[in-house]
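Open the model in your viewer and keep the selection panel at hand.

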Amino acid sequence: MVLHGFSMTLFAPDDVPARSPASTRRFLYPLVFAVLIGLFTRLLASAPPEGEPPLPTESPSLPLPNPADRILILAPHPDDETLSCGGLIQKALRRGARVRVVEVTSGDAFSVIAHRLYPDEPFSPSLFLRLGEIRMQETRRALSRLGLPSSQVTFLGYPDSGLHRLLSTHWSRPWRATRTQAIRPPYNGAGFRNSLYTGESLLNDLTAILRAERPTVVYYPHPGDFNQDHRSVAAFTLMALNRLNETPGWTAPREASYLIHGGERWPWPAFAMTGAPQRLPLPMRRLPEERWRSLSLDSMESRRKRAAILDHRSQHASLRPAQFLNSFARGTETFSTRTRSRPTPEGAVLLEPAEPVRSPAFDGAADLVQLQVIAGNRWVRIRSRLQARPSPQMRCRLEIRTLEPEGRTRWMSMEGTPADRSADGGSCGLVGNAIVWKIPRERLGNAHAALVSVSVVSGRRPVDRTAWTLWSLSYDKGKRSRANINLPRKSDRVERRQ
Ligand SMILES: [Zn+2]
């Protein structure tokens with residue numbers, strides 16, 4: 001827009017006849033500015049900042065879809081499908097694959113956008129329901145531009161900004177959505193109109209979709225995404241896949257996860273660059289275990305993706321969301337193919353992709369660098385190591401969703417400081433730079449596996465946290481179940497901030 005404004009000045013007829021010094025300046029300054037902007041853009045597009053390893057486009061390519069593929073894309077909010085998979089959808093459809101997109105929520109709690117669209121109207125449930133309808137319509141339009149008919153799009157209508165509640169405290173007791181006041185999907189045509197807003201319902205609905213679609217590949221949010229809805233969709237997907245993977249006759253699909261909210265400098269830079277590759281934050285690139293794969297879009301595909309991003313018009317009503325969306329208009333799409341839904345006792349490695357929010361009070365003491373789960377016959381120990389020795393006042397939160405026989409599950413959340421020594425149902429303490437939780441086995445029921453995440457909390461705000469990871473808790477005498485998660489080294493982060 002800036003450049004367009006300058007070009008209007010440049011070629012305005014009034015400027016042509018009189019070449020006074022003032023008009024020359026008016027001619028030259030925009031030109032120099034435009035050239036500098038062009039050079040800067042090329043620099044960002046082509047040259048990695050000093051000291052950085054090769055760009056992810058040089059990492060292996062994502063296998064191209066084939067006609068036998070049945071692709072399932074799970075999106076937490078309307079627009080995530082376009083941002084993450086707008087190019088993939090086009091390629092898949094052109095190559096004869098089947099694609100289904102499932103929107104878990106309708107994005108109906110975004111108050112910033114609601115205020116922009118209806119500035120004179122006080123917030124009310126009906127206003128947020130209208131926003132949900134608008135966002136669903138925008139998604140249909142965007143996907144239709146990408147070639148996907150609306151019959152292949154399912155909206156579940158779960159509560160925007162409420163999925164972590166469902167995963168945690170509202171597993172079987174319905175949650176009332178703060179903005180819409182609904183306790184079940186309020187939209188006509190929702191995938192499962194009678195499902196209550198509970199974790200149990202969402203897990204059942206996702207399992208039913210997976211069973212019906214029998215996908216060959218599932219795309220879902222990265223379990224370390226910093227947005228709670230995104231992380232929660234990943235956790236529910238891991239649970240559903242794990243449940244199905246134990247079913248006879250079920251063929252486990254391939255999995256790929258995409259990152260939308262990755263903390264500082266992701267996505268970056270914050271504007272559209274359809275010719276440039278999507279660039280991952282440095283610590284993520286350095287972890288080969290993530291097995292990042294990139295998909296190159298041709299110029300037609302990236303142009304169409306850009307147009308589909310603009311189809312989410314409501315999100316462009318405010319500058320910051322608009323910038324955020326536009327920064328996914330790139331020449332590549334990037335996916336992690338590491339995440340496994342089977343619980344693995346050995347060597348599971350997963351990064352925590354978002355770097356900690358800067359917190360001078362904690363600095364390295366808030367920086368989670370390793371997570372380890374050790375399952376014994378009487379105790380399960382969870383050890384989270386930090387970059388520096390935590391202060392006794394720093395609070396850490398451990399969250400666990402267990403997987404038990406016959407679909408049973410329980411939730412545990414423990415928060416404490418190393419000085420507390422005891423937390424709800426277990427104990428926690430400081431060993432070197434690590435906070436170690438010790439939980440009696442019976443507190444976890446008959447759990448054979450568990451989803452685990454650890455956060456460092458400042459006030460009520462998480463400063464750093466690990467991705468949701470599925471761990472095996474099966475105990476083998478003589479060989480304790482043990483797995484490590486190695487997180488990016490501190491030095492990577494320091495380097496990246498420069
Ligand atoms: Zn989202």
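**The whole protein**

Start with a cartoon view: the secondary structure comes to 12 helices and 18 strands. Helices (H or I, at least four residues) and strands (E, at least two) are DSSP runs, numbered from the N terminus. Residues are numbered from 1 along each chain as its sequence is written. This is a predicted model: local features need pLDDT of at least 70, side-chain atom pairs count only at pLDDT 80 or more, and totals for chains, interfaces and linings use all residues.

Colour by pLDDT, the predictor's confidence in each residue, from 0 to 100. The mean is 80, and 74% of the residues reach 70 or more. Select residues 38–57: pLDDT stays under 50 there, and the model has 25 contacts beyond four places in sequence for this stretch. Two residues are in contact if their C-beta atoms, placed from the backbone, lie within 7 Å. Next, select 486–498. Here too pLDDT is below 50, with 27 contacts beyond near neighbours in sequence.

Now colour by burial. Of the 498 residues, 45% are buried. A residue is buried if 20 or more other C-beta atoms lie within 10 Å of its own, exposed if 12 or fewer, and partly exposed in between; C-beta atoms are placed from the backbone. Among contacts between residues at least 6 apart in sequence, 75% join residues at least 24 apart.

**Helix α5**

Select residues 125–145. This is α5, with 21 residues and 30 Å from its first C-alpha to its last, close to the 30 Å expected at 1.5 Å a residue. The expected span is 1.5 Å times one less than the number of residues. Show the buried side, including F128, L131, I134, M136 and L143. What do the buried residues of α5 pack against? Select α3 (80–94), β2 (98–105), α4 (111–117), β3 (153–158) and α10 (299–311). After α5 comes G147, with a positive phi near 105°.

**α5 against α10**

Keep α5 and α10 on screen. They pack at about 170°, with axes 8 Å apart. Axes are lines fitted to C-alpha atoms, for helices over the stretch in contact, and angles run from 0 to 180 degrees between N-to-C directions. So α5 is roughly antiparallel (over 145 degrees) to α10. Show E138, R141, A142 and R145 in α5; they meet R304, A307, A308 and D311 in α10. The contact residues divide into 3 nonpolar, no polar and 5 charged.

**Helix α8**

Finish at residues 228–245. The end C-alpha atoms of α8 are 25 Å apart, in agreement with the 26 Å its 18 residues should span. Of those 18 residues, 13 are buried, so α8 is largely enclosed by the rest of the structure.

Conventions
Angles under 35 degrees count as roughly parallel, over 145 as roughly antiparallel, 65 to 115 as roughly perpendicular and the rest as oblique. Ala, Val, Leu, Ile, Met, Phe, Trp, Tyr, Cys and Pro count as nonpolar, Asp, Glu, Lys and Arg as charged, and the others, Gly among them, as polar.
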